[in-house]
Structure formats: C-alpha cells, structure tokens
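Work through the exercises below with the sequence and the model open. Try each task before reading its solution.

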Amino acid sequence: KVLDKLELENTGFGLHVEIIVKALNKGFRAKEIPINFQRNDKKSTLVYRKQFTSYIKPIMAGLKAKYFD
C-alpha cells in the first residue's frame, strides 16, 4: 500500500532510507520494531564510507521535497 504510492529511485544501500523519508513526507507513520542482532565473527569486507552517497542522496532529496518544493 505505502510502496505503491512512492516513486522510488534508489536500488542500492540507500533504498531503506529513501522509503522512510518519502513515506514520512507523504504523511505515513513509521514504527520502529526492535530486532535481536548478533554480529558474525567473520570480518566484514563492506566499506561503509563508500556507501555514504547512497544514504545521503535520498535524505537530501527528502529534505528538498519537504521544505523547498
């Protein structure tokens, strides 16, 4: 229901950020549901610094849509 009303652009790590920002801007409510996360002993090869643009792009677009459009 909510996803059908959003025009999503991101296909990477920032998709979840884009969904939340756009849903909140359209007046939907968000609810945090806690999880039980256990870190794997295996060393991660993901470099989060490289994913920064995937996260910041939908945040900036959401702020622009909310305050400047």
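The model is predicted, so local features need pLDDT of at least 70 and side-chain atom pairs count only at pLDDT 80 or more, while totals for chains, interfaces and linings use all residues. Residues are numbered from 1 along each chain as its sequence is written, and side-chain values use heavy atoms, with hydrogens and water left out.

**Exercise 1. Salt bridges**

Task: Find how many salt bridges there are and state which residues they link.

Solution. 
- Step 1. Apply the criterion: a side-chain nitrogen of Lys or Arg within 4 Å of a carboxyl oxygen of Asp or Glu. The count by this rule is two salt bridges.
- Step 2. Take K22 with E18: their closest N and O atoms are 2.8 Å apart. Both residues lie in helix 1, four residues apart, about one turn of the helix. (Helices are DSSP runs of H or I, at least four residues, numbered from the N terminus.) An α-helix has 3.6 residues a turn, so residues three or four places apart point the same way.
- Step 3. Take E9 with K22: their side chains form a salt bridge at 3.8 Å, N to O. This pair links distant parts of the chain, 13 residues apart, with E9 in the segment before helix 1 (15-25) and K22 in helix 1.
- Step 4. Join the pairs: E9, E18 and K22 are linked in a network of salt bridges.
- Step 5. Classify the three residues by relative accessible area (buried under 20%, exposed over 50%, partly exposed in between; 1.4 Å probe, protein chains only). E18 is buried at 4%, K22 is partly exposed at 21%, and E9 is exposed at 65%.

**Exercise 2. Packing of the helices**

Task: State which residues of helix 1 are buried and what they pack against.

Solution. 
- Step 1. List the buried residues of helix 1: V17, E18, V21 and A23.
- Step 2. Look for their partner: these buried residues pack against helix 2, where contact means heavy atoms within 4.5 Å.
- Step 3. Turn to S54, which is placed in helix 2. Because its relative accessible area is 19%, S54 is buried. With neighbours within four places in sequence left aside, S54 is in contact with N10, F13 and G14.
- Step 4. Contrast K43, in the loop between helix 1 and helix 2. K43 is exposed, with a relative accessible area of 72%. From C-alpha to C-alpha, K43 and S54 are 22 Å apart in space, and they are eleven residues apart in sequence.

**Exercise 3. The largest pocket**

Task: Determine which elements line the largest pocket.

Solution. 
- Step 1. Note the volume of the largest pocket, about 370 Å³.
- Step 2. Count the lining: 18 residues, of which E7, E9, E18, K22 and A61 lie nearest the centre.
- Step 3. Assign elements: helix 1 and helix 2 are those that give two or more residues to the lining. Helix 2 supplies the largest share, eight residues.- Step 4. Check the definitions. On a 1 Å grid over the protein atoms alone, a pocket is an open set of points where a 1.4 Å probe fits, with protein on both sides within 12 Å along at least five of seven lines; lining residues have an atom within 4 Å of a point. Points are joined across faces, edges and corners, and the volume is the space filled by probe spheres set on them.

**Exercise 4. A nonpolar patch**

Task: Name the residues that make the nonpolar surface patch.

Solution. 
- Step 1. Select residues with over 30% relative accessible area and no salt bridge, joining nonpolar side chains (Val, Leu, Ile, Met, Phe, Trp, Tyr) within 5 Å. Areas come from the Shrake-Rupley method with a 1.4 Å probe.
- Step 2. The patch of about 560 Å² is made by I59, M60, L63, Y67 and F68.

Note on methods. Patch = residues over 30% accessible without salt bridge, like charges linked within 9 Å, V, L, I, M, F, W, Y side chains within 5 Å.
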